[in-house]
Amino acid sequence: MEVFSSSVQGSTAENEIVTSLKTINHKKYDCVVIIRGGGSKMDLDVFNSYEISKQVSQMQSAVFTGIGHEKDITVIDFAANKSFKTPTEVSNYILNKSYNFEQKIISLYDLITERYHKLLERKNSDLKLYTEGIANASNHFTQLRRGLLHTLMNRIISSTNYALNNEINRLSLMAQEQLQLSKRIIDNQDEVLKKRFEMLTLLIENVINNKRIYLNNALILASTSSPKAILNKGFTIPRVNGNLYNGEELPKDTVIKLEFKDAVIITKYVKKESHGR
């Protein structure tokens, strides 16, 4: 409830009442009540105003009036939705309406509550039946599926064992084939190694024979090039200070020892002559 106070008599009363009604009309109320205590005809004359009556007729909410005493009637009483003789009658009407509405709401609430409980009991019963039905159907479905799964599992096991045995046999054959192939490869490699060993043996013997011939030739050459062999051929070996003389320039009167096969001659160096002279 909201109270809008306005002057109800005097020069500003009409304008204040119209302004308040316009303000109220912008809001949403269950009803608008215009009340004023008793007074003389002149005191209540403001409620005969055309502007106030016009605004009352344009209100969005229901308008109730309770102005003056039982014998008083104003123009806005005709413009209002319902008019009462006194403010007390307006309040009694509203209270009775509110009470009746409240009782109706309470009755409806009780009826709804009762129907709700009955509906809830019925739905609980239906739910219990549905639950039992679903449980029975689930058990039946589970047993059926269990049987199907058991059959499927046996099929899978049989198929797996069959495939496994086939794979084992295939692997066994592959292993035998690989073993035979390995043996053939080993035999071939063994033959190749034997041939290579024979060739290597021949090559080694050839190298040894060549080296033996080379050594024999070297020995022969060494024996023919030895100082003794050279002396036997009639040559001499000149030595200076115990070293072999290689034809280098020597100081005059250097002692040179000439070795022959059967004798040694010691002489002095005089000069070196060229072979062309």
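The side chains of Lys118 and Glu114 meet in a salt bridge at 3.3 Å, N to O, a salt bridge being a side-chain nitrogen of Lys or Arg within 4 Å of a carboxyl oxygen of Asp or Glu. Lys118 and Glu114 lie four residues apart in helix α4 (residues 87–224) and are therefore separated by about one helical turn; helices (H or I, at least four residues) and strands (E, at least two) are DSSP runs numbered from the N terminus. Glu114 is partly exposed, with a relative accessible area of 41% (buried means under 20% relative accessible area, exposed over 50%, partly exposed in between; 1.4 Å probe, protein chains only). The model is a predicted one, in which local features need pLDDT of at least 70 and side-chain atom pairs count only at pLDDT 80 or more, whereas totals for chains, interfaces and linings use all residues. Residues are numbered from 1 along each chain as its sequence is written, and side-chain values use heavy atoms, with hydrogens and water left out.

The structure holds five salt bridges. Helix α4 also contains the pair Arg170 and Glu167, three residues apart, whose side chains meet at 2.3 Å, N to O. Arg170 is partly exposed at 41% relative accessibility, and Glu167 is partly exposed at 32%. A further salt bridge joins Glu2 to Lys27, with the closest N and O atoms 3.7 Å apart. This pair links distant parts of the chain, 25 residues apart: Glu2 belongs to the segment before α1, and Lys27 to the loop between α1 and β1. Glu2 is partly exposed, with a relative accessible area of 42%, as is Lys27, with 39%.

In helix α2 (residues 50–57), the residues Ile52, Ser53, Gln55 and Val56 are buried. Seen down the axis of α2, these buried residues fall within an arc of 165°, so they line one face of the helix; the arc is that of the directions from the helix axis to the C-beta atoms. They pack against α1 (13–25), β1 (31–36), β2 (62–67) and α3 (75–79), contact meaning heavy atoms within 4.5 Å. The face turned away from the buried side carries the exposed residues Tyr50 and Ser57.

Three strands form an open sheet in the order β1-β2-β3, with parallel pairing; two strands pair if DSSP finds at least two bridges between them. Strands β1 and β3 (82–84) stand at the edges, each with a single partner strand, so one side of each is left without a neighbour in the sheet. Strands β1 and β2 pair over six bridges, and Cys31 stands opposite Ala62 in β2.
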